[in-house]
Amino acid sequence: MERHIWRLAPRLEVRIWPNLGKTSEIDFAVLWKHPPGLLRELPALKAVSSYGAGVEAILADPDLPPALPVGRISGPRLAADMAEYLAAVVIAQHRGLWRFYEDRKAGRWAPWAPEAMPVIGLLGIGRMGRAAARVFQVLGYPLHAWSLSGRSRRGITIHSGNEGLSAIARAADFLICLLPLTSDTAGILNAGLFAQMKRGAYLINVGRGGHLVEKDLIPALDSGQLGGAGLDVFAEEPLPAGHPFWTHPKIYLTPHCASYTLPEEAARLILKSYRRVRRGLPPLDAVDRRKGY
């Protein structure tokens, strides 16, 4: 990362933790799972940014100054990459592509195609959710979304509130979590929600590991209430060795890479955000600290 910043701004002094030098000289920080107490050591900060879309670790830091602006380094490719990932997982499941891999190994010729388009349910209709919605709309999938605001979206059935959460759970064949992690959304993917879903529906979590109550998932899969789960985020990352998610036959998992900011792109965004802060402007993709995202 730093070599890309130095190439773009060779005169800018960049310090990488833990080699911070005189910390009173640092006026902007880009953080991801930063160590406890770090913000206490940076009294001259004008703003901080998360290296990614998630900001819960920064907002939960008791040392975060109340008025300090918080932003995010989330490049334009992030939403497109997320939409591509979600479309790939849904299509692979909907079209039964895994079965053809097994058929090939067995030398079995067994043509098959689904008879109906499944309903997609998006929990969250922010930047990532809107990008995914556009892709699913082009492909012709019926689309529902749940949001805190309840703001209408063209071509999407919108739900909000507790009743809306139940409604989208009942409607969706694929329920996809794209929510920010806040006190209101932590643990939202739980046994109570699974019980309201269509039997055999598929769950995808690309939000945060804290959205899923992990102990509730495997019983729902084993009972057949959920037909499968695609997980890209986990309560503990990397996923610990021996965790039951590694070997469960109904779980498809990826190592938190559904969307990923490449270092060169991130370097450009960091510099752009820093220059904004130096001019007295908010950092890129500023966070509403009252909402938590």
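Modeller: Helices are DSSP runs of H or I with at least four residues, strands are runs of E with at least two, and both are numbered from the N terminus. By this scheme, Ala-172 sits in the loop between helix 6 (161-171) and strand 7 (174-177). The model is a predicted one, in which local features need pLDDT of at least 70 and side-chain atom pairs count only at pLDDT 80 or more, whereas totals for chains, interfaces and linings use all residues. Residues are numbered from 1 along each chain as its sequence is written, and side-chain values use heavy atoms, with hydrogens and water left out.

Biologist: Is Ala-172 buried or exposed?

Modeller: Relative accessible area decides this: buried is under 20%, exposed is over 50%, and partly exposed lies in between (1.4 Å probe, protein chains only). Ala-172 is classed as buried because its relative accessible area is 1%.

Biologist: Which residues does Ala-172 touch, not counting those up to four places away in sequence?

Modeller: A contact means heavy atoms within 4.5 Å. With residues up to four places away in sequence set aside, Ala-172 touches Val-119, Gly-121, Lys-198 and Ala-201. Trp-246, by contrast, is 74 residues from Ala-172 in sequence and 26 Å from it in space, C-alpha to C-alpha.

Biologist: What covers the buried residues of helix 6?

Modeller: The buried residues of helix 6 are Gly-164, Leu-165, Ser-166, Ala-167, Ile-168, Ala-169 and Ala-171. Their cover includes strand 4 (120-123), strand 5 (143-146), strand 6 (157-159), strand 7 and helix 7 (191-196).

Biologist: Which residues does Ser-49 touch?

Modeller: Ser-49 belongs to strand 2, and it counts as buried because its relative accessibility is 0%. Leaving out residues up to four places away in sequence, Ser-49 touches Phe-28, Ala-29, Val-30, Leu-31, Ile-58, Gly-71, Arg-72, Ile-73, Ser-273 and Pro-283. One of these contacts, Ser-273, is itself among the buried residues of helix 9.

Biologist: How many residues does helix 9 have, and what span is expected?

Modeller: The expected span of a helix is 1.5 Å times one less than its number of residues. Helix 9 has 16 residues, and the 22 Å from its first C-alpha to its last is close to the 22 Å expected. Its buried residues are Glu-265, Ala-266, Ala-267, Leu-269, Ile-270, Leu-271, Ser-273, Tyr-274 and Val-277. Helix 1, strand 1, strand 2 (47-50) and helix 3 (76-94) are included in what covers them. Gly-280 follows helix 9 and has a positive phi, near 85 degrees.

Biologist: How many salt bridges does the structure hold?

Modeller: A salt bridge is a side-chain nitrogen of Lys or Arg within 4 Å of a carboxyl oxygen of Asp or Glu. The structure holds 16 of them. In one, Glu-13 and Arg-15 meet through their side chains at 3.0 Å, N to O. Glu-13 counts as exposed because its relative accessibility is 60%, while Arg-15, at 23%, counts as partly exposed. Lys-215 and Asp-216 form another, with the closest N and O atoms 3.2 Å apart. Here Asp-216 is buried, at 15%, and Lys-215 is exposed, at 67%. Salt bridges with shared partners also join Arg-7, Glu-264 and Arg-268 into one network.

Biologist: What is the phi of His-256?

Modeller: The phi of His-256 is near 50 degrees, a positive value in a residue other than glycine. His-256 is in the loop between strand 10 and helix 9, and it is partly exposed, with a relative accessible area of 23%. Asp-285 likewise has a positive phi near 50 degrees. Asp-285 is in the segment after helix 9 and counts as partly exposed at 23% relative accessibility.
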